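Hello,

Here is the structure you asked about. Please have it open while you read my notes below.

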Amino acid sequence: MDRFVWSSGLLEINETLVIQQRGVRLYDGEEKGKMDVGILLLSTHRLLWRDHKNHDCCIAMPLSQIVLFEEQAGGIGKSAKIVVHLHPAPSNKEPGPYQTSKYSYIKLSFKEHGQIEFSRRLSEEMTQRRWEHMPVSQPIYTSTTSQAGRMRAVGIVGIERKLEEKRKEMDKNISEAFEDLSKLMEKAKEMVELSRSIASKIKDKQGDITEDETIRFKSYLLSMGIANPVTRETHGSGTHYHMQLAKQLGEILLAPLEEQGGMMALTEVYCLVNRARGMELLSPEDLVNACKMFEALKLPLRLRIFDSGVMVIQLQSHSEEEMIASALDNVSEKGSLTSEEFAKLLGLSVLLSKERLLLAEKMGHLCRDDSVEGLRFYPNLF
């Protein structure tokens with residue numbers, strides 16, 4: 001950490017921002033740094049860190065100080081890290097948060113993921129060494145009189161150290177308790193790959209099993225999971241993550257939607273996707289944000305919200321006129337139908353069946369009788 005100096009955080013002439021990642025904590029070797037979680041920035045010339053709350057607190061280190069770096073995988077209760085090994089600090093170094101350090105390396109702890117993309121971009125910059133070809137017009141380091149981010153009073157530091165020791169002990173206990181779960185997660189990916197391998201070999205199987213049994217067995221195997229699910233660890237956070245997730249959803253939802261008549265409730269999609277993702281579970285918020293990008297990415301799916309607030313995923317080719325006509329034909333044939341009866345006829349969920357009937361009613365093709373026996377729909381003869 002003694003390689004870092006105080007900085008204004010502004011880019012110099014000929015210096016370009018490459019990538020930035022929120023939720024990063026700095027470690028001086030094995031010890032947690034004095035400062036809280038902040039924003040890590042990589043430019044063509046420097047590695048910068050800015051405090052999340054106090055933007056005046058900013059430190060920087062030239063990329064020329066880096067010898068090599070390596071990734072350190074996370075686990076239960078532990079964030080993934082990048083370990084950066086450094087050259088000795090120069091004798092004429094400007095002031096910084098640390099004047100000396102017993103470690104020759106630092107750790108970048110990614111609390112909000114994104115370490116894989118950051119590591120890739122850092123590797124590119126270390127290979128290209130653009131700071132040698134485009135030197136900045138002013139010195140890299142900028143001194144500042146601000147004392148922001150400097151060491152707090154000894155009493156506060158002592159309290160923080162005790163709290164940190166308790167947290168480390170708790171993390172260790174949790175990690176030991178969930179060791180078996182980590183092994184299970186590793187085996188889950190192997191099982192997904194095995195299932196796909198078996199499914200592909202079934203295509204060449206002749207005679208021993210019928211075609212219907214082959215199709216059913218392949219369906220069971222393929223439903224076991226997604227081999228390489230899009231995660232925040234592999235694609236960072238924000239818009240880029242949701243775009244990649246939307247593309248993957250567009251691939252895996254086509255077949256189920258076609259089997260369900262072109263439309264599925266978002267709750268059903270949520271269960272289907274998370275079952276396929278195995279241990280890499282998806283939050284409802286991320287699913288909704290990804291689905292909202294279907295039309296912008298010109299995918300064959302779209303998110304639809306009915307007047308009642310029910311959200312569904314449907315194919316772009318799904319015809320609303322056909323849906324209304326189907327509801328009208330079934331109600332006319334039976335004389336009257338409830339949502340439950342209509343659901344049994346079409347093999348759909350009661351929720352989607354009710355929305356179809358309500359849509360046909362809204363267009364004036366059906367009318368309702370709402371009584372103590374429930375809601376029943378009739379053909380509109382007026």
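V83 touches L68, F69, E70, Q72, Y105, I106 and K107, leaving aside residues up to four places away in sequence. Touching, or contact, means heavy atoms within 4.5 Å. V83 sits in strand β8 (residues 80-86). Strands are DSSP runs of E, at least two residues; helices are runs of H or I, at least four; both are numbered from the N terminus. V83 counts as buried because its relative accessibility is 5% (buried is under 20% relative accessible area, with a 1.4 Å probe and protein chains only). V83 and E70 lie 13 residues apart in sequence, yet 5.3 Å apart in space, C-alpha to C-alpha.

This is a predicted model: local features need pLDDT of at least 70, side-chain atom pairs need 80 or more, and totals for chains, interfaces and linings use all residues. Residues are numbered from 1 along each chain as its sequence is written, and side-chain values use heavy atoms, without hydrogens or water.

Now the helices. The axes of α9 (residues 266-277) and α10 (residues 284-291) come within 11 Å and cross at roughly 110°. Axes are lines fitted to C-alpha atoms over the stretch in contact, with angles from 0 to 180 degrees between N-to-C directions. So α9 is roughly perpendicular to α10 (65 to 115 degrees). L266, V269 and Y270 of α9 meet P284, L287, V288 and C291 of α10. By class, that contact has seven nonpolar, no polar and no charged residues (Ala, Val, Leu, Ile, Met, Phe, Trp, Tyr, Cys and Pro count as nonpolar, Asp, Glu, Lys and Arg as charged, the others as polar).

Best wishes

Technical notes
Parallel < 35°, antiparallel > 145°, perpendicular 65-115°, else oblique. Buried < 20%, exposed > 50% of the residue type's maximum accessible area, 1.4 Å probe, protein only.
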